[in-house]
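Have a look at it first, and then we'll go through some of its packing together.

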Amino acid sequence: MVHRTIRVGGLTRVEGEGALLVRARDGRVNDLQLRIYEPPRFFEALLRGRAFTEPPDITARICGICPVAYQMSACQALESICGVTVDGPLRDLRLLLYYGEWIESHALHIYLLHAPDFLGYPSGIAMARDHRAVVERGLALKKAGNDLVAAVGGRAIHPVNVRLGGFHRLPDLRGLSERLEHALTLALETVDWVSGFDFPDVEHDYRFLALTHPDEYAILSGDLPGFPVDEWPLHITEEQVPHSTALHSRLDGRRGYLTGPLARYNLNFAKLSPRAREAASALGPVCLNPYKSIVVRAIETVHACDESLRILDRYKPPDAPTVPVEPRPGVGHGASEAPRGTLLHRYRIDDDGLIAEADIVPPTAQNQARIEDDLRVLVEPRLGLPVPELTALCERAIRNHDPCISCSAHFLELCLEQ
Amino acid sequence: MKKLAVWKFASCDGCQLTLLDCEDELLTVAARIEIAHFAEASSVSSPGPYDLSLVEGSISTPEDRERIRHVRRISKHLVTIGACATAGGIQALRETPALLPVVYARPGYIATLDRATPVSAHVPVDFELRGCPIDKRQLLEVIAAFLAGRRPVIPTHSVCVECKARGNPCVLVAHGTPCLGPVTQAGCGALCPAFNRGCFGCFGPMETPNPAALKITVESPWYTERSESAG
């Protein structure tokens, strides 16, 4: 009888803080926990009693990597309560802002967090010693994304220009097209570069969740598979499980579904922009290999650049930066596609225009059970490997899903059973 | 080469991301100071002591209260980065015991302190860099100052000074928009007023603020009139 306990304390090159615990016996994994030790910050509770206009600025602070996703899901949920739809050029500006976040976040993950795994470096900075031009290309691409967010939103992290109904001020978009043309070139080079990596031969039978939209590779709005956004609380439930350290999401009662780039790509391939679809011709319309998510992120970056250029081309400034939004009592739902997956919000506004309830389900909470499933499949046949090697493999498998642990609005710090 | 460490406590990652957002300077910085511990960016960590520790996030769990003491012990200089580490941040709005059952069905599983507190409530801090998030030029100034062995040159005057320098119309006087700029420390470049909204104070109070004068202003009849006509 052989007992083995593997602890990966302090996951690196992920955003936020987590750890992994594996307990095995006689070659079988008995217990596997992706531990989240990010301290809880109680956003849903501290939103209660605040003005209905405040969630976009407050929930942005849940995640410094994807604040725009929080602002967009929050705005749409609250606007739906107030009976307001933001469309035309104002919706285009929201898309631009969001594409900027995709470019910035995907470039960060591809070049600084994920690619070092494929090329055998501990970090993007270490990788730059041998591949300086490549890392500089990644940083330039990332900067183009940040510049787009800053142009529309005021600054790259926690943009200040977003409000219910639109924006505080119409942005100055001059000069952006040239920068995005350049970014598109860099993104296409990125697809070529990452496509040449050596990928482990693994495919999983994933159950995907992503927004779908009749005309768009959904990012800002759409329907969820089989149900509209305002029914998400009926289909997606969260449970607090004593043997684990985080809330686990279930989709229609079943655990272990996946949201994020792989989900979007497999569900919405046909809606990719022409340049992105061309760049995806080698990968094809189906991708079930989690390691190839780096290719999918690169293709989505091409899409984001391509679509941003299209928007900049057609954009005519509207008369006003915002449409008026008056508070109404009621419940509303919002969903959008954060770089790492579907981000769900639900709010209730009371008779005084204050937030009575807030509920936020971030993508990493939804993916956690599925990441554990990926790990179980990876670890069981490799229990004999030396611990450092197995540890590195596990970290790699987790990074495939770009978990953003700081955006775990309500992951738990649990008093662990020993 | 001197050693830099980056630490995270309760936070959104945005302030440490600011270091990676220095796209044009990151590789230059990495050539001047060894980035020895930075879990978000590197899977290797070289052991302390460290010459400069940048600390993000506020202290909100019993474990973190111990961890920040450890970080202080192994750091020659400790600089807090951002509103969470410097002032407690947005999660300091909470009163934890009352909030726990609102978010979690079984609050018993959660180990947390009653309040989220700034790093300076636990250990001595050598310099506090403000902002939610911090400004990347100010971050580079702090690192450069540290490398040169001098105090960082970070202005402590109000946002109003930056607003005037930028030529923004005063949103408070001209539009009757409530604005914390007169009592908030500069550093953002008067960003919110430039976008037609009032400052909400994410850089924290300026040196010797005068909130009483701001209160008199927003209670005066001319202000109320403007505020109402602006809708």
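Contact means heavy atoms within 4.5 Å. With that in hand, which residues is A:Tyr265 in contact with, leaving aside its neighbours within four places in sequence? They are A:Tyr217, A:Leu272, A:Ala280, A:Leu283, A:Gly284, A:Pro285, A:Val286, A:Cys287, A:Val296 and A:Ile299.

Some ground rules: this is a predicted model, where local features need pLDDT of at least 70 and side-chain atom pairs count only at pLDDT 80 or more, while totals for chains, interfaces and linings use all residues. Residues are numbered from 1 along each chain as its sequence is written, chains are lettered from A and ligands numbered from 1 in the order in which they are written, and side-chain values use heavy atoms, with hydrogens and water left out.

Now for chain A as a whole. Its secondary structure comes to 13 helices and 13 strands (DSSP runs numbered from the N terminus: helices are H or I with at least four residues, strands E with at least two). Of its 418 residues, 66% count as buried (buried is under 20% relative accessible area, exposed is over 50%, and partly exposed lies in between, using a 1.4 Å probe and protein chains only). Among chain A contacts between residues at least 6 apart in sequence, 71% join residues at least 24 apart.

Next, the cores. A nonpolar core is a set of buried Ala, Val, Leu, Ile, Met, Phe, Trp, Tyr and Cys residues joined through side-chain atoms within 4.5 Å.

| Core | Residues in the core | Members include |
|---|---|---|
| Largest nonpolar core | 150 residues | A:Tyr98, A:Trp193, A:Tyr265, B:Leu54 |
| Second, separate core | 15 residues | B:Ala5, B:Ile59, B:Ile68, B:Val123 |

A:Tyr265 is back again, as one of the residues touching the most other members of the largest core. Which helix gives the most to this core? That's helix H4 (residues 88-119) of chain A, with 17 residues.

Finally, let's visit B:Val218, found in helix H10 (residues 211-219) of chain B. Is B:Val218 buried or partly exposed? B:Val218 is partly exposed, because its relative accessible area is 30%. Leaving aside neighbours within four places in sequence, B:Val218 is in contact with B:Tyr223 and B:Thr224. Along the chain, B:Val218 and B:Cys179 are 39 residues apart, yet their C-alpha atoms are separated by 9.2 Å.
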